[in-house]
Amino acid sequence: MSLIRLNTRPSRRQLIQFGAAWAVFFLLAALFAAWRGAPVSPWWILALALIPPLIGWLFPGFLRLLFVALAVVTFPIGFVVSHLILAALYYLVLTPIGLILRCFKPELFPKRPDPSLPTYWHSRTGARKPGDYLKPY
């Protein structure tokens with residue numbers, strides 16, 4: 001089971017969202033380029049923002065092709081990043097927590113059952129209120 005899946009058959013709704021996100025992203029990039037005085041003309045970025053969604057509106061297959069092409073190109077990046085994030089969480093968060101617990105509370109989880117104990121249940125003292133029945137822990 002993989003963390004991410006390659007979507008090669010996007011729905012019409014996904015294609016509409018993709019076209020809108022494409023246009024918004026490149027419109028903001030054109031505004032940023034115009035504001036910062038970038039060496040690339042903002043008009044080229046504006047054309048890049050508007051032409052693919054318009055072609056996709058006329059010919060939905062074009063937008064599907066663009067979507068799948070970008071998904072294929074970015075899939076390896078997502079695969080590597082997702083595994084790196086999981087490895088970082090495991091080795092930088094969970095492993096230190098486990099080592100700290102092992103150092104300061106060595107008998108938090110006993111390794112072997114204690115045969116001298118009749119049961120591992122903890123008995124509670126006092127009567128419970130009716131409202132406590134909805135809070136089992």
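Thr95 has a relative accessible area of 29%, so this residue counts as partly exposed. The scale behind that word runs from buried (under 20% relative accessible area) through partly exposed to exposed (over 50%), using a 1.4 Å probe and protein chains only. The structure is a predicted model, in which local features need pLDDT of at least 70 and side-chain atom pairs count only at pLDDT 80 or more, while totals for chains, interfaces and linings use all residues. Residues are numbered from 1 along each chain as its sequence is written, and side-chain values use heavy atoms, with hydrogens and water left out.

**Positions along the chain**

Thr95 belongs to helix 3. Helices (H or I, at least four residues) and strands (E, at least two) are DSSP runs numbered from the N terminus. Between the C-alpha atoms of Thr95 and Ile45 there are 46 Å, and these residues stand 50 residues apart along the chain. Ala34 is part of helix 1, and its relative accessibility of 49% makes it partly exposed.

The segment after helix 3 holds Tyr120. Tyr120 is also partly exposed, at 48% relative accessibility. Apart from neighbours within four places in sequence, Tyr120 is in contact (heavy atoms within 4.5 Å) with Pro113 and Asp114.

**The nonpolar core**

A nonpolar core is a set of buried Ala, Val, Leu, Ile, Met, Phe, Trp, Tyr and Cys residues joined through side-chain atoms within 4.5 Å. The largest one here has 11 residues: Leu15, Phe18, Trp22, Phe26, Ala30, Ala33, Ile45, Ala49, Leu63, Leu66 and Phe67. Two or more of its residues come from each of helix 1 (12-36), helix 2 (42-58) and helix 3 (60-104). The most, 6 residues, come from helix 1.

Which residues does Ala49 touch, not counting those up to four places away in sequence? They are Trp22, Ala23, Phe26 and Leu27.

**Aromatic rings**

Rings of Phe, Tyr and Trp (its six-membered ring) pair if their centres lie within 6.5 Å; planes under 30 degrees apart are stacked, over 60 edge-to-face and the rest tilted. This rule gives 7 aromatic pairs. In one of them, Phe18 and Trp22, the ring centres are 6.0 Å apart and the planes stand at 55°, so the pair is tilted. Both residues lie in helix 1, 4 residues apart, which is about one turn of the helix. Phe25 and Phe26 form an edge-to-face pair, because their planes stand at 85°, with ring centres 5.0 Å apart. A cluster linked by ring pairs contains Phe18, Trp22, Phe25, Phe26 and Phe67.

| Residue | Relative accessible area | Class |
|---|---|---|
| Phe18 | 15% | buried |
| Trp22 | 14% | buried |
| Phe25 | 54% | exposed |
| Phe26 | 17% | buried |

A ring can also have a charge over it (NZ of Lys or CZ of Arg within 6 Å of the ring centre and within 35 degrees of the ring normal). Arg36 lies over the face of Trp35 in this way, 5.6 Å from the ring centre.

**How the helices pack**

Axes are lines fitted to C-alpha atoms, for helices over the stretch in contact, and angles run from 0 to 180 degrees between N-to-C directions. Under 35 degrees is roughly parallel, over 145 roughly antiparallel, 65 to 115 roughly perpendicular, and the rest oblique.

The axes of helix 1 and helix 2 cross at roughly 170° and come within 8 Å. Helix 1 is therefore roughly antiparallel to helix 2. On the helix 1 side, the contact includes Gly19, Trp22, Ala23 and Phe26.

Helix 2 and helix 3 have axes 5 Å apart and pack at an angle of about 130°, so they are oblique to each other. Here Pro52, Ile55, Gly56 and Leu58 of helix 2 meet Pro60, Phe62, Leu63 and Leu66 of helix 3.

For helix 1 and helix 3, the angle is about 75° and the axes are 10 Å apart. These helices are therefore roughly perpendicular to each other. Helix 1 contributes Arg12, Leu15, Phe18, Gly19 and Trp22 to the contact, and helix 3 contributes Pro60, Leu63, Arg64, Leu66, Phe67 and Leu70.
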